[in-house]
Amino acid sequence: MRTILTEGRAAALARLVLGHVEREYPNKLDHAMDGPADVAGPSALHPVFFGSFDWHSCVHGYWTLARLLRRFPVAAAAGEIRALFDRRLTPGAVAGECAYLARPASRGFERPYGWAWLLKLAAELRGLDEGWSAALAPLADAVRDRFVGFLPGAAYPVRSGAHGNTAFALALARDYAVATADDELLGLLWEKAVDWYGRDRGCQAWEPAGDDFLSPALAEAECMRRLLPAGQWRPWFDAFLPELAEGRPATLFRPAAVSDRTDGKIAHLDGLNLSRAWCWRALASGLPAGDPRCAAMEGAAERHLDAALGEAVGDGVGHYMGEHWLASFALLALEA
């Protein structure tokens with residue numbers, strides 16, 4: 001049976017995220033300082049996104065709540081989510097985030113992973129007519145402009161399985177470009193996807209690495225699915241992973257083993273299982289009905305979901321090293 005987003009699962013995810021988006025400590029800052037005046041704590045530096053252990057996790061925690069509010073607007077947690085957004089997504093607080101981003105020392109702050117999630121959040125908020133989208137818009141505009149300034153000069157992709165991965169960033173930023181009808185940004189995303197990945201063939205999938213939470217192979221394939229027309233993507237996909245029907249590369253079909261969920265890096269592997277499930281489902285949706293690869297891809301998605309849901313997300317046996325961020329990846333997979 002296909003694992004889906006039920007109201008019960010949505011409630012558990014919402015409760016998990018509400019428990020950490022305003023939890024300031026422990027905290028891992030990505031903070032370059034120009035002088036003594038820059039010594040400050042998370043909430044002083046980031047009036048909105050100070051919780052969830054780090055800035056990007058807080059951003060995609062807000063995305064998770066926004067998405068769940070759109071899907072289940074009368075759920076038990078809906079009032080708490082609205083109150084949180086009213087409290088935190090204000091013009092004054094967002095101005096503080098913009099000021100931080102405008103610092104010369106912040107040029108590379110959260111590039112590209114945090115940028116991509118901020119745009120994903122901005123796109124989601126556009127579907128909630130509460131004023132929160134307008135409040136966040138100056139920060140979204142600033143991040144959008146950062147992408148437009150960065151991409152033309154970025155000669156090479158980053159193919160890691162962690163925050164630097166450029167394919168994942170392009171895939172999420174595409175959602176914002178579509179939602180806002182931003183043809184300039186969408187064109188740049190397409191151009192870089194083709195430039196960086198268009199000639200890739202016969203992917204060997206040398207993964208997972210010990211701290212991956214993204215599959216470099218599947219994130220690239222999903223990036224291309226989102227940015228290429230179907231008639232161009234399918235031949236590219238056939239050449240990129242030509243042995244999927246035979247279950248190869250085999251590593252992509254096997255969930256990663258997570259030996260220690262109290263270790264923040266090892267706990268990344270729960271995210272790898274969830275993000276692979278997301279990619280497998282999304283990629284299968286891009287193939288014609290009856291394609292023999294689809295059953296194997298859907299089966300792989302279920303195995304990866306089984307390996308992470310329950311063990312790491314929403315049942316009380318996880319650890320904050322995973323719980324501060326994994327709900328977002330669970331939601332991506334469940335909705336794919």
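Leaving aside its neighbours within four places in sequence, which residues is Y62 in contact with? In this predicted model, Y62 is in contact with V21, V48, F49, L84, F85, R88, L89 and L121, where contact means heavy atoms within 4.5 Å. Y62 lies in helix 3 (residues 55–71), helices being DSSP runs of H or I with at least four residues, numbered from the N terminus. At 0% relative accessibility Y62 counts as buried, a term that stands for under 20% relative accessible area, with exposed over 50% and partly exposed in between (1.4 Å probe, protein chains only). The C-alpha atoms of Y62 and V21 are separated by 7.4 Å, although the two residues are 41 residues apart along the chain.

Because the model is predicted, local features need pLDDT of at least 70 and side-chain atom pairs count only at pLDDT 80 or more, while totals for chains, interfaces and linings use all residues. Residues are numbered from 1 along each chain as its sequence is written, and side-chain values use heavy atoms, with hydrogens and water left out.

Helix 6 (residues 113–125) and helix 8 (residues 166–179) pack at an angle of about 30 degrees, with their axes 8 Å apart; the axes are lines fitted to C-alpha atoms over the stretch in contact, and angles run from 0 to 180 degrees between N-to-C directions. The two helices are therefore roughly parallel to each other, the word used for angles under 35 degrees. On the helix 6 side, Y113, A116, W117, L119, K120, A122 and A123 meet F168, A169, L172, A173, D175, Y176 and A179 in helix 8. The residues of this contact divide into twelve nonpolar, no polar and two charged, with Ala, Val, Leu, Ile, Met, Phe, Trp, Tyr, Cys and Pro counted as nonpolar, Asp, Glu, Lys and Arg as charged, and the others, Gly among them, as polar.

The structure holds 27 salt bridges, each a side-chain nitrogen of Lys or Arg within 4 Å of a carboxyl oxygen of Asp or Glu. Three of them are listed here.

| E124 | R70 | 3.0 Å |

E124 is buried, with a relative accessible area of 8%, whereas R70 is partly exposed, at 38%.

Note on methods:
Angles under 35 degrees count as roughly parallel, over 145 as roughly antiparallel, 65 to 115 as roughly perpendicular and the rest as oblique.
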